Amino acid sequence: GSDHGTGFVFDHPDADGLRWAFGEAMQAWSDPDEWATLMRRCMAQDWSWHRQGRAYLLLYDRMMQDPR
């Protein structure tokens, strides 16, 4: 497993990509230490609307400055 991720990213948005990501998740879940580490990394992230809202406002501001 990875020592820095917070989830399972797949490049192909289709059934095969989803199947691969699900397999990776199940493999991580089958290892209690790896799963606990992943969960701790996820819970340590700032998923708040305060942080996300600020990111959306910055994106909106950039879009308004360059309205193609």
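Tutor: Accessible areas here come from the Shrake-Rupley method with a 1.4 Å probe, and for residues only the protein chains shown count as cover. Keep in mind that this is a predicted model, where local features need pLDDT of at least 70 and side-chain atom pairs count only at pLDDT 80 or more, while totals for chains, interfaces and linings use all residues. Residues are numbered from 1 along each chain as its sequence is written, and side-chain values use heavy atoms, with hydrogens and water left out.

Student: How many helices and strands are there in the protein chain?

Tutor: Helices (H or I, at least four residues) and strands (E, at least two) are DSSP runs, numbered from the N terminus. This protein chain has three helices and zero strands. The radius of gyration is 17 Å, well over the 11 Å that the globule rule gives for 68 residues, so the chain is more spread out than a compact globule. That radius is taken over C-alpha atoms, and the globule rule is 2.2 Å times the number of residues to the power 0.38. Along its principal axes, the C-alpha trace spans about 50 × 30 × 15 Å.

Student: Is R41 buried or exposed?

Tutor: Buried means under 20% relative accessible area, exposed over 50%, and partly exposed in between (1.4 Å probe, protein chains only). R41 is buried, because its relative accessible area is 18%. R41 sits in helix α2 (residues 32-43), and a polar atom of its side chain lies 2.6 Å from the backbone oxygen of G5. Of the 68 residues of the chain, 12% count as buried.

Student: Which residue forms a salt bridge with D16?

Tutor: Side chains of opposite charge can pair when their charged atoms come close. A salt bridge is a side-chain nitrogen of Lys or Arg within 4 Å of a carboxyl oxygen of Asp or Glu. D16 pairs with R19, their closest N and O atoms being 2.6 Å apart. Because they are three residues apart in helix α1, D16 and R19 are separated by about one helical turn. Both residues are exposed, and the structure holds one salt bridge.

Student: Which residues make the nonpolar surface patch?

Tutor: Patches are made of residues with over 30% relative accessible area and no salt bridge; like charges are joined within 9 Å, and nonpolar side chains (Val, Leu, Ile, Met, Phe, Trp, Tyr) within 5 Å. Here W49, Y56, L59 and M63 make a nonpolar patch of about 520 Å². W49 lies in helix α3 (residues 49-65) and counts as exposed at 70% relative accessibility.

Notes
Polar contact = N/O pair within 3.5 Å; in protein donor to acceptor, adjacent residues only side chain to side chain.
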